[in-house]
Amino acid sequence: MTTPSLEDILQDIQNQLGSDFIATDVVGMDGLSIAGRAANPNLDSTAAAARFAMVMKLASNVTEKIGMGDVEDSLVTTTDAYILTRFLGDGSYYWGITVTINATLGLVRMLMSEYANQIWEALPH
Amino acid sequence: MAVQGDLSEISLINLIQLNCQSETTGRLTLTDQGRQAQVFFESGEIVHATLGQRSGQEVFYEILEWCSGEFVLEAGIPASTRTIHTSCSDLLLHGLHRLDEKGAPQPTTNSQQPLPEDVGKLFGLEKSTLPHSGDTRMEATMAQNMQEILTELGKEVAGLLTAAVVGMDGLPIADISRGAVDVEQVSAQMTLLIKLVETTTEKLGSGTVQDYLLTTDKAYLLLRFLGNTQYYLGISADRSQVNLGKIRLYSRVYAQKLAAAMPQ
């Protein structure tokens, strides 16, 4: 059985989230996105990828300093959206999904947990 | 550009916080009753402080006690040497605690007085965003009610490690904890994080942050703003003992209670 490509996996996730889907990106910890999809094709996710890489780095440093363990994922709830980010594999990449505030949060978390390993396996490393 | 003013118009703590927040590089000179002190900033970090012939971190803590005098803030003047290696937030945190312990008067000013316009301009801030010096006393009176609400929360949520109401200066005004958790350190660190999250979502135009949840292999850390963005409820809980849905629900309910306990 062949491993599905990163693009195929992200497309599948977009399909499952339907109209609540805003964007998803797989990002290196250097802040550069290596694959992504957005409901709006004009959306430039470059800035989001870089900024959330900073958030994930600081989150890791903070939890280490306060002895709360290793970060697995984070969730930002805003007035407009849920922004979920999750470390992949050895932590050299993270995966982010943004959905509307109407999305079912439990479903999005479940999807991320389900697909995280597939995405990691599809990554070149 | 140099800005001059009087510590009766803006408190020293506020002035230093503004320099840190706006990542200033420059020199703050203070004069009062024949004595002179200087604090040097480099990209928002406090790197050097002098008082007469003395310098260093202890001197900085002494300077923090100043309640009166005049100041001159000169941007772009670097320190000739570095005698302080502690972060700005930690310095202020420890400095304020030392003042509390000594029973020294808080270096605050009358919050009803208008702040110098040029100070706000220098930092690119509206007056309404400048910290109010009356906050310290107000926080003390709020803390009792908040403590009771947090204690109630602690009884409701099994696995809760800490719960604290924290200002955006990183200082907790009420807290409960189970086990050996350093609430002050957690509060200071989590405030840094929530500030970055807030800035990030603002820059991306993703709406206003309501809450932020961090999941680690050991714990859930949940931060929820209390009606405004000046204070938040921070909760950490043992992941093996608590249900995520429940902790989010309780954080919403108790954030409302805590927000209601705050003076409007």
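Let's start with helix 1 of chain A, which covers residues 6-17 in this predicted model. This helix has twelve residues and reaches 17 Å from its first C-alpha to its last, close to the 16 Å expected at 1.5 Å a residue.

Now look at the side chains along the helix. A:Ile9, A:Leu10, A:Ile13 and A:Leu17 are buried. If you look down the axis of helix 1 of chain A, the buried residues fall within an arc of 95°, so they line one face of the helix. Turn to the other side of helix 1 of chain A, and you will find A:Glu7, A:Asp8 and A:Asn15 exposed.

What do the buried residues of helix 1 of chain A pack against? Their partners in chain A are strand 1 (21-28), strand 2 (33-38), strand 5 (93-100) and helix 3 (105-122). Just after helix 1, A:Gly18 takes a positive phi of about 60°.

Next, let's move to the place where the two chains meet. The contact takes 27 residues from chain A and 28 residues from chain B. On the chain A side, helix 2 (46-65), strand 3 (71-78) and strand 4 (81-88) each supply at least two residues. Helix 2 of chain A gives the most to this side, with eleven residues. By type, the chain A residues that touch chain B divide into 15 nonpolar, six polar and six charged.

How values were computed
Residues are numbered from 1 along each chain as its sequence is written. Chains are lettered from A and ligands numbered from 1 in the order in which they are written. This is a predicted model: local features need pLDDT of at least 70, side-chain atom pairs count only at pLDDT 80 or more; totals for chains, interfaces and linings use all residues. Helices (H or I, at least four residues) and strands (E, at least two) are DSSP runs, numbered from the N terminus. The expected span of a helix is 1.5 Å times one less than its number of residues. A residue is buried if 20 or more other C-beta atoms lie within 10 Å of its own, exposed if 12 or fewer, and partly exposed in between; C-beta atoms are placed from the backbone. The arc is that of the directions from the helix axis to the C-beta atoms. Two residues are in contact if their C-beta atoms, placed from the backbone, lie within 7 Å. Ala, Val, Leu, Ile, Met, Phe, Trp, Tyr, Cys and Pro count as nonpolar, Asp, Glu, Lys and Arg as charged, and the others, Gly among them, as polar.
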